[in-house]
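Here is a short report on a single chain. Overall figures come before the local detail.

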Amino acid sequence: MHDHRRLGRELDLFDTDPLMGAGLPYWLPDGAIVRHTLEEYIRDAELRAGYRHVYSPVLGKRELYEISGHWDHYGDDMFPPMDVGAEQVLLRPSLCPHHALIYRSRTHSYRELPLRMAELGGMYRSELSGVLGGLTRVRAITLNDAHIFCTLEQADQETRAALELIGRAYADLGIRASRYRLSLPGAGGKYVADPELWRRATALLREALDGSGIPYEAAEGEAAFYGPKIDVQITDPAGREATLSTVQIDFHQPERFDLHYIGPDGAKHRPVMVHRSIIGSVERAVAHLVEEHGGAFPPWLAPVQLAVLPVGEEQAGAAQALAGRARELGLRAETAGPEQGTLAARIRAARLVPYQAVIGGREAAAGLVAPRLRDGRRPDALPGAGLLRRIGDRVAARGPGLWDPS
């Protein structure tokens with residue numbers, strides 16, 4: 001059973017320090033590569049799906065979160081206010097109030113809708129130290145967040161499209177959802193008191209799930225304070241379940257922030273706000289990827305994609321040249337020469353690297369390399385350029401597969 005906390009340290013992905021504080025991990029170079037690659041993947045997927053990216057500050061005035069409802073309904077999970085002159089500012093617990101303000105800053109026509117606004121943004125939750133652990137429960141979170149401002153008639157299709165994006169990302173990442181949950185309000189929770197709002201939002205989410213053919217279970221007490229949501233659940237190797245991705249319908253914040261668009265009749269109309277996150281927080285996503293793959297990431301996500309292994313010192317030059325060409329092509333390649341041990345020891349040390357290229361005297365003389373795949377397969381020797389092309393094609397295609405048939 002893989003534990004991302006242990007593996008994260010063993011593989012030099014991330015660590016913590018008491019002086020930084022509990023729930024505030026830092027990322028080491030290999031972990032930073034995984035994180036950066038994942039973030040670039042998400043940005044690219046969103047751009048292709050018609051999203052536009054923004055940046056917004058991690059601080060906001062207390063009044064902002066009073067308007068959004070976070071201060072009243074979510075205050076226990078927020079860090080205390082900081083006094084700055086005559087104002088109080090807070091570390092944000094969510095990005096949606098900021099995106100609502102960005103939308104409100106300009107006049108919008110119905111012709112612009114749906115307007116899809118995305119951000120990989122920081123937010124902060126005042127988690128108790130007893131529940132913090134590794135990357136799954138942290139106080140500083142980078143959320144893959146987006147808000148779609150659309151008409152009521154567009155909300156169903158936008159919700160379905162978000163679910164499709166989530167499914168595609170899971171396939172590329174080599175992970176799977178354990179179940180889909182329709183999260184509804186429950187007794188005793190701090191929820192916005194507007195029964196009609198809840199009824200309309202729940203009906204839209206049910207329609208999108210049914211129309212997408214996705215089996216789901218309803219669960220009371222799991223909704224956001226402002227509306228119901230679809231939670232995509234994952235399960236770790238120990239059988240613990242967590243939410244990774246979400247899609248939410250929100251009528252509350254458009255009302256609170258007086259958002260509107262100009263309709264074809266020239267009058268103001270209220271948009272629907274669809275919240276969605278493809279991979280949830282980057283921290284939790286990486287934690288799950290580490291545990292799901294045991295550190296053997298899909299080739300496109302691996303910190304090192306190609307290990308070049310010269311058998312002897314005589315092949316060191318050829319190995320360095322191949323690794324250099326790989327890096328020029330955008331691949332992450334390293335060499336491991338005889339100074340690092342026997343060939344067998346170096347092969348074992350690179351066991352999590354998707355591809356190895358062994359260069360002995362015979363291969364060097366013929367201008368070839370002997371590839372070894374992480375799963376134990378050993379394809380026929382081929383020219384270095386051919387190997388790099390095969391790896392590059394596989395990385396560009398993403399997904400968990402190692403080798404495409406010729």
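## Overall build

Of the contacts in the chain with a separation of 6 or more, 72% join residues 24 or more positions apart; contact means heavy atoms within 4.5 Å. This is a predicted model: local features need pLDDT of at least 70, side-chain atom pairs count only at pLDDT 80 or more, and totals for chains, interfaces and linings use all residues. Residues are numbered from 1 along each chain as its sequence is written, and side-chain values use heavy atoms, with hydrogens and water left out.

The chain holds 13 helices and 20 strands. These are DSSP runs numbered from the N terminus: helices (H or I) have at least four residues, strands (E) at least two. The C-alpha atoms fill a box of roughly 75 × 50 × 40 Å along the principal axes.

Strands pair if DSSP finds at least two bridges between them.

E16 (residues 306–310) pairs with E17 in the parallel sense, over three bridges. Leucine 306 has alanine 333 in E17 as its bridge partner.

## Valine 84

Valine 84 sits in strand E5 (residues 82–84). Its relative accessibility is 49%, so valine 84 counts as partly exposed.

Notes: Buried < 20%, exposed > 50% of the residue type's maximum accessible area, 1.4 Å probe, protein only.
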